[in-house]
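Biologist: Before I use any labels from this model, I would like to know what stands behind them. Please take me through a few.

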Amino acid sequence: MYFFTDQLQSKPLKKDELYPLNSNPVGLCLIINNKNFQDGSTRRGSDRDAQSLGEVFSMLGFHVLMYEDQTMEQMRQRLRSFGSLSDHTQLQGMKEFTRGRFTELQEVPQHGDAFFCCILTHGLKGVVLGVDRKALSVKEITAPFRSTHQLTGRPKVFLIQACQGGQEQQGVLVPEMEADLEEDGHQASIPAEADVLVAMATVEDYVSLRHPVNGSWFIQTLCQELRIGCQRDEDFFSILTRVNDEVSKKEGYGTVGARKQMPEVRFTLRKRLVLPPQMESGTAVTVSTENLESVTMENEEPDPSRPAGQPACNCLANLSGWGAAKILLTRMWQGLMVLYAHLKRTASRLLAAFIAWLNAQQQARIDANNNNNPPSET
């Protein structure tokens with residue numbers, strides 16, 4: 001006898017259909033945040049993306065680490081060292097996310113049952129750029145993690161917020177939006193290329209959009225959907241599919257359809273990746289109103305009364321009555337949805353445990369009856 005909710009499959013998942021996530025912490029989440037480039041340019045809004053990623057992946061039980069403003073060669077060396085974590089000299093300059101912010105590294109990182117790498121930078125087709133504008137290919141980013149025994153058979157996910165070309169999808173950018181653009185009997189085995197997922201902010205040849213205050217469409221939507229979807233025990237690919245849909249619906253300022261973005265996901269995962277929130281952290285049912293606000297406001301039309309060049313304020317007090325009410329309603333609805341999903345998960349587990357106990361009691365009675373009435377010999 002099995003118990004199902006409308007969030008579960010029509011049949012119970014077998015243990016070998018899911019990636020086991022039993023380590024504590026669940027794994028490492030490495031963020032490379034390239035904001036200040038050597039030519040003097042700045043990727044405004046990138047710190048907002050890094051903060052959102054830190055909040056979400058800490059909620060999911062990951063040890064979140066960050067490097068800032070890395071050259072191409074530094075990125076290459078950092079990623080190579082993280083494949084095995086054998087070179088502790090590469091930990092210099094690293095920060096970790098604790099108590100809601102990034103601080104100096106206190107705990108030596110160790111690999112767990114999953115690995116996430118989030119790269120926030122400029123890019124071109126098939127490559128990302130260091131702050132020195134030199135290119136590092138996506139293949140070079142993932143390669144160090146495909147042959148390390150510490151992560152063999154474990155999910156390795158790469159989330160890349162960067163342009164993949166210079167073309168704009170059905171339109172041009174306006175000043176409020178920026179682009180991440182620059183010029184049997186045998187030992188079992190699996191392919192070295194297995195268990196990897198790469199999610200790009202945009203398809204090849206196109207730019208990706210980033211608000212200078214509120215962060216990028218892709219990362220902000222991803223963090224919002226992770227907060228909600230992980231509470232429902234949804235697998236990571238299903239969440240990414242919804243991210244694709246949500247980002248595809250976004251509009252830049254101006255004419256409908258003028259500025260669009262379509263993320264892309266490539267993967268060799270062999271199992272479903274489910275990231276349950278770590279309820280003991282006390283933050284799993286908390287929705288970051290700051291980030292929800294930024295996502296909600298990202299496609300608002302500019303206020304005509306605001307002086308040119310002045311960014312939109314994130315304070316509710318400076319919004320119109322309807323604008324403030326809409327953001328408050330969004331916060332309340334998202335919070336209720338997360339709380340509902342958490343309560344439903346808890347009820348489902350309690351009922352499943354109760355049913356398992358009833359089945360055990362019934363089996364015990366059957367066994368006792370068999371012992372009292374042994375089969376007769378023929």
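Modeller: What follows sets some labels against their cut-offs.

Modeller: This is a predicted model, where local features need pLDDT of at least 70, side-chain atom pairs count only at pLDDT 80 or more, and totals for chains, interfaces and linings use all residues. Residues are numbered from 1 along each chain as its sequence is written, and side-chain values use heavy atoms, with hydrogens and water left out.

Biologist: Why is the pair of Phe57 and Phe116 called tilted?

Modeller: Rings of Phe, Tyr and Trp (its six-membered ring) pair if their centres lie within 6.5 Å; planes under 30 degrees apart are stacked, over 60 edge-to-face, and the rest tilted. The search of the whole structure finds 11 aromatic pairs. In one of them, Phe57 and Phe116 lie 4.8 Å centre to centre with 50° between the planes, so the pair is tilted.

Biologist: What makes the pair of Phe97 and Phe102 edge-to-face?

Modeller: Phe97 and Phe102 have 70° between their planes and 5.0 Å between centres, so they count as edge-to-face.

Biologist: How do you know whether Phe57 is buried or exposed?

Modeller: Buried means under 20% relative accessible area, exposed over 50%, and partly exposed in between (1.4 Å probe, protein chains only). Phe57 is at 0%, so it is buried. Phe102, at 16%, is therefore buried too.
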